[in-house]
Amino acid sequence: MTVSATSSVSTATTTTSSSSTSSSSTLTSSDFLSLLVSELQNQDPLNATSTTDFINQLTSYANFTQQQSINSNMSSLASSFSSLVTLNSVNYIGHTVEAKTDTSTLSNGSATFGYSLSSAASNVSISISDSSGNVVYTGAGTGNAGSNSFTWDGKDSSGNQLSDGGQYTISVTATDSAGNSVLNYTTVTGTVTGIDTSTSTPSLTVNGVAVSAANILGVTS
């Protein structure tokens with residue numbers, strides 16, 4: 001037998017509406033069970049739901065309840081993991097770290113960046129942009145395989161010294177003799193001064209810039 005969807009849904013809706021006019025439209029395990037009970041109450045005795053169909057419905061109810069429990073446990077686990085990451089991040093405060101990122105704050109008239117190359121590069125060009133995306137410096141860099149360092153003196157292409165406190169982003173283009181890119185990633189090195197927990201994934205403040213703890217490559221001091 002197939003129970004009228006209008007009858008079942010109407011019963012569940014009436015029950016839900018009487019409990020709260022502002023309740024969520026999300027189906028709960030109680031609603032699910034109410035639909036099964038309603039089916040038994042409203043079925044035609046001469047054409048009852050088959051045993052197989054009813055067992056399948058009970059199985060669906062069991063799976064539904066189990067899924068709700070799993071979702072609740074996963075949410076709890078995610079919250080605990082976030083707290084653990086925050087606690088571990090505290091250990092970085094006051095230490096100098098190297099992290100994968102491309103942005104740093106101009107301090108004492110300079111900013112030091114790093115970049116990693118998968119192999120030696122025949123051509124390396126570097127550009128520095130301000131927080132508005134305007135390119136303020138262009139130049140060449142070293143092309144050694146592995147780690148390379150570049151210290152910008154804080155002067156724009158016209159030789160004007162820019163003020164401390166601004167955030168600047170480095171862009172590196174590195175190619176081999178065949179014109180293939182050999183750039184792996186860019187880095188900055190700085191002291192961790194705080195932790196930002198305003199997002200789901202806590203981040204460290206390095207040189208005034210938020211950096212994910214997952215991007216920390218090492219602690220240098």
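Keep in mind that the model is predicted. The largest nonpolar core has 20 residues, and a second, separate core has seven.

**Cores**
- Inside the largest core, the residues with the most contacts are Val124, Ile126, Ile128, Phe150 and Trp152.
- Setting aside residues up to four places away in sequence, Phe150 touches Ala111, Thr112, Phe113, Tyr115, Ile126, Ile128, Tyr137, Ala140 and Ile170.
- As for the second core, its seven residues include Val192, Leu204, Val211 and Ile216.

**Strand E4 and its partners**
- E4 is largely enclosed by the rest of the structure, because five of its seven residues are buried.
- On one pairing, E4 and E7 run antiparallel and are joined by seven bridges, with Asn123 sitting opposite Thr175 in E7.
- E4 also pairs with E5, again in the antiparallel sense, over five bridges; here Ser125 stands opposite Ala140.
- The hairpin of E4 and E5 has five residues between the strands, and Gly133 takes a positive phi near 90° there.

**Ser107**
- You'll find Ser107 in the loop between strand E2 (103-105) and E3.
- Ser107 counts as partly exposed because its relative accessibility is 40%, and that class lies between the under 20% cut-off for buried and the over 50% cut-off for exposed.
- Ser107 and Asp153 are 46 residues apart in sequence, with 9.8 Å between their C-alpha atoms.

Conventions
Residues are numbered from 1 along each chain as its sequence is written. This is a predicted model: local features need pLDDT of at least 70, side-chain atom pairs count only at pLDDT 80 or more; totals for chains, interfaces and linings use all residues. Side-chain values use heavy atoms; hydrogens and water are left out. A nonpolar core is a set of buried Ala, Val, Leu, Ile, Met, Phe, Trp, Tyr and Cys residues joined through side-chain atoms within 4.5 Å. Buried means under 20% relative accessible area, exposed over 50%, partly exposed in between (1.4 Å probe, protein chains only). Contact means heavy atoms within 4.5 Å. Helices (H or I, at least four residues) and strands (E, at least two) are DSSP runs, numbered from the N terminus. Two strands pair if DSSP finds at least two bridges between them.
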